[in-house]
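Here is a friendly walk through the model you are about to see.

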Amino acid sequence: MATTEPRTSSELQTLAKRHLWMHFSRMGAYADGAEIPIIVKGQGCHVWDEHGNKYFDGLSALFCVNIGHGRHDVAQAGADQAKELGFFTTWSYAHPRAIELAARIAHLAPGDLNRVFFTSGGGESVESAIKLVRQFHKLTGKPNKTKLIARQTAYHGTTLGALAATGITNLRQPFEPFMPGGCHVPNTNLYRLPAGQGVETLAESIRERIEFEGPDTVAAVILEPVQNAGGCFTPPHGYFQRVREICDEHDVLLISDEVICSWGRLGEYFGAQRYDYQPDIITTAKGLTSSYAPMGAVIASDRLMEPFLEGTNSFAHGFTWGGHPMCAAVAMANLDVMEEEHILENVRTHEHDFRSMLESLRDIPIVGDVRGAGYFQAIELVKDRETKEHFSKAESESLLRGFLSGELYRRGLICRADDRGDPVIQLSPPLIAGPEEFAEIESVLRPVLEEASRRMQVAC
Ligand SMILES: Cc1ncc(COP(=O)(O)O)c(C=O)c1O
């Protein structure tokens with residue numbers, strides 16, 4: 001069907017149900033007449049659905065729209081670029097926007113991360129980083145270094161290589177077998193640290209795993225600065241410094257997966273800057289363009305690049321659209337907005353207000369933990385606050401899918417009610433938000449969590 005005519009909302013529903021395969025969605029849930037939420041417009045921190053209902057976008061459209069919705073100037077930068085050069089590939093050629101953007105990213109990135117390999121999104125960035133570390137070790141005479149250490153419950157994307165790093169059983173099992181060599185260690189869930197275990201054991205578990213696998217077989221460790229899946233697990237003090245030492249001792253590369261944690265989400269351009277560590281590679285996407293165009297990047301150190309500069313060597317990898325000129329122009333305009341409108345400063349100034357608002361919800365019986373950093377925060381929901389007792393799978397399903405997701409949306413708040421670990425509500429508003437917007441979030445979140453608490457107390 002090819003038409004550009006405007007449609008009524010019911011037509012859109014019918015067409016969506018018949019033809020659109022939504023990602024990670026239980027499509028069967030819409031068979032009985034339930035409506036697909038169709039978002040038609042965005043401005044600042046808000047979006048509107050097809051019926052004209054207004055929502056606070058407390059998730060920045062999946063950690064993406066860092067500068068907020070509706071920036072015509074940023075979109076215009078892509079359109080202007082199209083008039084000059086709509087597309088040319090970076091396979092064997094270069095063009096000005098990709099060059100300028102690579103230089104700008106290298107300038108902002110920590111240390112000697114001076115080489116930028118563009119992709120079309122986060123999964124492609126992680127996939128590229130995995131292939132990069134493997135080929136790097138082969139070129140430097142260590143062909144057996146192929147394994148990748150990641151953390152339990154972490155999400156690093158869905159391509160078969162990235163999936164070997166993703167530590168979420170439900171997302172892995174349907175697709176096995178996939179790339180060999182992915183292994184997992186405990187994450188930094190400080191709320192549920194096993195009794196008697198100190199936080200220092202978390203970094204040591206990486207050392208133990210490297211030694212168990214055999215250092216000569218381990219290519220890299222991949223970690224997010226703040227782990228998304230499971231609910232915004234922050235690193236304990238000194239964690240990344242110790243991980244860096246361990247990696248150096250065993251000639252293992254450190255990949256900082258910052259698909260979410262870069263471009264101001266934690267108040268710095270990169271999460272590694274917030275926690276003061278130097279990775280060998282940063283993977284990024286989402287906020288690079290504030291998702292006004294699809295683009296990702298792998299940012300690699302000079303050392304990583306060295307063997308690829310020798311003789312006839314090349315990185316045997318690429319994507320047609322890597323460095324797409326329109327996307328690169330949009331990214332440049334997005335970074336202009338971040339600089340000129342002091343977006344990172346806004347996060348630093350108001351992070352505390354955001355966190356205080358969430359902390360104030362701790363009087364609600366099912367609020368077990370509040371954690372996160374910057375504009376990337378989570379609330380873990382528990383059955384019993386004193387004992388930290390978990391909800392069962394069935395209770396979690398009825399709490400999140402049976403009530404919270406729908407009710408928060410119905411009352412005008414888009415956020416993430418997630419159970420890839422224990423049930424959590426995640427909030428990650430556009431980085432332009434401030435106290436007024438936090439009050440708006442609270443005005444929905446508090447009554448809905450209170451109602452959820454009452455319901456769960458009755459049910460238990
Ligand atoms: C840390 C991390 N890595 C990789 C990805 C995959 O990114 P994409 O969905 O753009 O492929 C995500 C997506 O949310 C992510 O959060």
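## Backbone details

Pro177 sits in the loop between helix H7 (169-172) and strand S6 (182-185); helices (H or I, at least four residues) and strands (E, at least two) are DSSP runs, numbered from the N terminus. The peptide bond that leads from Glu176 into Pro177 is cis, with omega near 0°. Another loop, between helix H3 (72-85) and H4, holds Ser92. Although Ser92 is not a glycine, its phi is positive, at about 70°.

A word on how to read these values: this is a predicted model, in which local features need pLDDT of at least 70, side-chain atom pairs count only at pLDDT 80 or more, and totals for chains, interfaces and linings use all residues. Residues are numbered from 1 along each chain as its sequence is written, and side-chain values use heavy atoms, with hydrogens and water left out.

## An open sheet

Four strands form an open sheet with mixed pairing, in the order S1-S2-S3-S13; two strands pair if DSSP finds at least two bridges between them. At the edges are strand S1 (39-43) and strand S13 (413-414), each pairing on one side only. S1 and strand S2 (residues 46-49) run antiparallel and are joined by 4 bridges. Within this pairing, Lys41 stands opposite Trp48 in S2.

## Where the domains meet

In contact (heavy atoms within 4.5 Å) are 36 residues of domain 1 and 37 residues of domain 2.

About 3,000 Å² is buried between domain 1 and domain 2, with carbon and sulfur atoms giving 55%; this is the accessible area (1.4 Å probe) that two parts lose on being put together, summed over both. Ile67, Phe376 and Arg420 supply 24% of the area that domain 1 buries against domain 2, more than any other three residues.

Between domain 1 and domain 2 the rule finds 4 salt bridges, each a side-chain nitrogen of Lys or Arg within 4 Å of a carboxyl oxygen of Asp or Glu.

## Salt bridges

How many salt bridges does the structure hold? The count is 40. Two of them can be checked in your viewer:

| Pair | Closest N to O |
|---|---|
| Glu339 and Arg104 | 3.2 Å |

The pair of Glu339 and Arg104 links distant parts of the chain: Glu339 belongs to helix H12 (residues 325-340) and Arg104 to helix H4 (residues 96-108), 235 residues apart. As a general point, side chains of opposite charge can pair when their charged atoms come close.
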